[in-house]
Amino acid sequence: MEMSLTFLVLTITFALQLNLASLAEGRAFFVFGDSLVDSGNNDFLATTARADSPPYGIDFPSHRATGRFSNGFNMADLISLSIGSEPALPYLNPALKGERLLIGANFASAGVGILNDTGFQFVNIIHIYKQLKFFHDYQWRLSKLIGKEQAKQLVNSALVLITLGGNDFVNNYYLVPFSLRSRQFRLPDYVTYLISEYRKILQRLHDMGARRVLVTGTGPMGCVPAELAQHSANGECWPQLQLAASLFNSQLVQMLSSLNRDLGSDVFLAANVNDMHMDFVSNPRAYGFVTSKIACCGQGPYNGLGLCTPASSLCSTRDTYVFWDNFHPSERATKIIVQRILTGSSKYMKPMNLSTVMAIDSSKV
């Protein structure tokens with residue numbers, strides 16, 4: 001019965017996606033954030049935070065590693081396809097020029113966070129304010145191509161996705177015992193600090209012309225295979241990171257609501273990725289998964305240790321695993337999350353889901 005309901009939801013969602021594609025034809029798409037949405041910028045950097053070798057990309061159309069931390073498409077790709085656009089190229093890709101600029105650009109970089117000191121161990125990544133600098137440069141290039149007014153209109157009418165926060169906990173606050181940030185802040189105070197810094201970033205995005213911004217919270221950080229391998233004896237999620245996710249995500253929704261009130265418009269959409277993800281982490285078989293604890297690719301307990309490499313243990317049926325590697329969801333799990341973003345109730349999306357936003361924007365054209 002549960003599987004039948006799931007297939008019905010998938011069928012309805014596919015029909016909605018077709019309608020969305022017709023509504024959004026020609027809409028540019030911009031992506032900011034971390035490894036959940038990086039489509040290959042880090043391939044062009046001297047950094048250890050990269051996914052440019054097999055088995056990454058094993059289910060991508062080319063069956064090659066593309067720099068995405070996935071077995072196939074990531075969240076940014078799937079949202080692009082849902083609104084009728086091809087995935088935006090990484091900003092550092094030399095092919096992003098001419099008419100390709102009209103599609104948009106992906107500025108995301110694996111390892112980054114809200115704070116500039118997050119991800120220092122990866123040496124060379126595009127921190128979020130550098131991503132915003134690249135967005136400024138992109139707009140200058142676009143103006144040269146189509147003129148200043150048309151460039152402004154393209155940016156104003158674009159959809160923007162930003163995904164930040166997880167690394168500020170996993171690769172900063174909890175990176176090592178007694179980390180600098182954990183000695184500087186108690187967890188509740190650290191969350192408050194992150195939210196205040198994030199608000200500045202989002203305000204800057206609006207100042208640069210973004211008028212529809214999809215902001216995803218963190219997933220269930222304490223339930224990823226990497227954390228189970230280090231902190232779990234019986235497969236239970238690590239309470240410390242789960243508390244951090246709960247505090248951060250609730251305050252993020254409040255901050256976005258406050259920003260929208262100040263701007264007098266529903267510019268920012270809050271996606272409750274934690275609850276979306278917990279649906280199938282808590283009950284994987286209801287969604288056709290065999291496990292939500294063991295990564296498809298990795299080594300050690302829960303396949304949660306080290307990197308996903310050609311030498312790693314690799315599952316044969318990627319669609320039945322919630323997690324692809326020690327931190328990142330599989331393509332199929334990501335598809336379920338994107339479906340919730342498109343059509344989800346107020347439990348998942350505030351103040352409205354993406355299909356509603358797209359319909360509203362289309363009626364204004």
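Modeller: One term before we start: two residues are in contact when they have heavy atoms within 4.5 Å. Also keep in mind that this is a predicted model.

Biologist: What is the radius of gyration, and how does it sit against the globule rule?
Modeller: The protein has 12 helices and 8 strands. For 365 residues the globule rule gives 21 Å, and the model's value is close to that, so the protein is as compact as a globular protein of that length. Its C-alpha atoms fill a box of roughly 60 × 50 × 40 Å along the principal axes. The radius of gyration itself is 19 Å.

Biologist: How are α2 and α11 arranged, roughly parallel or oblique?
Modeller: Helix α2 covers residues 75–82 and helix α11 covers residues 331–343, with their axes 9 Å apart. They pack at an angle of about 50°. An angle under 35 degrees would count as roughly parallel, and 65 to 115 as roughly perpendicular. That makes the arrangement of α2 to α11 oblique.

Biologist: Which residues of α2 meet α11?
Modeller: On the α11 side, the partners include Glu331, Lys335, Ile337 and Leu342. The residues of this contact divide into 7 nonpolar, 2 polar and 2 charged. From α2 come Met75, Leu78, Ile79 and Ser82.

Biologist: And what is the handedness of the crossing where α10 passes α11?
Modeller: Helix α10, residues 273–282, packs on α11 at an angle of about 130°, with axes 10 Å apart. Phe280 and His277 are among the α10 residues that meet α11, where Ile337 and Arg340 are among the partners. The crossing is right-handed.

Biologist: Is Met352 buried or exposed?
Modeller: Met352 sits in the loop between β8 and α12. Leaving aside neighbours within four places in sequence, Met352 is in contact with Asp266, Leu269, Val357 and Ile360. Its relative accessible area is 14%, and the cut-off for buried is under 20%. So Met352 is buried.

Biologist: What percentage of the protein's residues count as buried?
Modeller: The same cut-off, under 20% relative accessible area, applies here. Of the 365 residues, the share that count as buried is 58%.

Terms used: Residues are numbered from 1 along each chain as its sequence is written. This is a predicted model: local features need pLDDT of at least 70, side-chain atom pairs count only at pLDDT 80 or more; totals for chains, interfaces and linings use all residues. Side-chain values use heavy atoms; hydrogens and water are left out. Axes are lines fitted to C-alpha atoms, for helices over the stretch in contact, and angles run from 0 to 180 degrees between N-to-C directions. Helices (H or I, at least four residues) and strands (E, at least two) are DSSP runs, numbered from the N terminus. Angles under 35 degrees count as roughly parallel, over 145 as roughly antiparallel, 65 to 115 as roughly perpendicular and the rest as oblique. Ala, Val, Leu, Ile, Met, Phe, Trp, Tyr, Cys and Pro count as nonpolar, Asp, Glu, Lys and Arg as charged, and the others, Gly among them, as polar. The radius of gyration is taken over C-alpha atoms; the globule rule is 2.2 Å times the number of residues to the power 0.38. Buried means under 20% relative accessible area, exposed over 50%, partly exposed in between (1.4 Å probe, protein chains only). A crossing is left-handed if the near helix is turned anticlockwise from the far one by less than a right angle, and right-handed if clockwise.
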